[in-house]
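Please read the following dialogue alongside the sequence and the model.

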Amino acid sequence: MLAGCAGPAFMRGAPAIGDPVESVTARLGQPTNVYPLPDGGQALEYATGPMGQFTWMARIGPDGRLVSYEQVLTGEKFATIRIDQATKADVLRTIGRPAETSRIAMHDYEVWSYRYKESGVWNSLMHVHFDANGVVRMMQNGPDPMFEVRDRFPW
């Protein structure tokens, strides 16, 4: 019975819209991160990374009740991030923490990479590039090398 409580949040079933935050955390467990929302609410992150391809966000309204609960590592959600406008805080509130971080010296960009299933099928990485001011300047996706077959060529 205790093993079920210790499993990932998505295996315990979705909370109901309107549930108080205490019920959400009782059902899902403690979030991996909590991000303040501009309206006074909060986003509770339930990440499976760094190797996982899923992150769930439970958005809690200013009244302390669940407004939405969704898997956010999707092409549709990435498309809501506005290049030249979104900040690191916006990205964290939208899709949560990255699986990996790196730097690109040529442009002095910090890159946050997210594992996900493109179109629900292809093992992919979305790379979100931030300038020195923490503003999104570029996004690129591609295959996730973690899932590539490495023994195709014996040499």
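Predicted model: local features only at pLDDT ≥ 70, side-chain atom pairs only at ≥ 80, totals over all residues.

The dialogue below treats a helix and then an aspartate.

Q: Which residues of helix 2 are buried, and why do they line one face of the helix?
A: An α-helix has 3.6 residues a turn, so residues three or four places apart point the same way. Helices (H or I, at least four residues) and strands (E, at least two) are DSSP runs, numbered from the N terminus. Buried means under 20% relative accessible area and exposed over 50%, with a 1.4 Å probe and protein chains only. In helix 2 (residues 21-28), the residues Val21, Val24 and Leu28 are buried. Seen down the helix axis, the buried residues fall within an arc of 60° (taken from the directions from the axis to the C-beta atoms), so they line one face of helix 2. Glu22 and Ala26 are exposed on the face turned away from the buried side.

Q: Which side-chain partner does aspartate 144 have in a polar contact?
A: A polar contact is a pair of N or O atoms within 3.5 Å; within protein, one must be able to donate a hydrogen and the other to accept it, and residues adjacent in sequence count only if both atoms are side-chain atoms. The side chain of aspartate 144 makes such a contact of 2.7 Å with that of arginine 115. Aspartate 144 is buried, at a relative accessible area of 1%.

Conventions:
Residues numbered from 1 in each chain as written. Heavy atoms only, no water.
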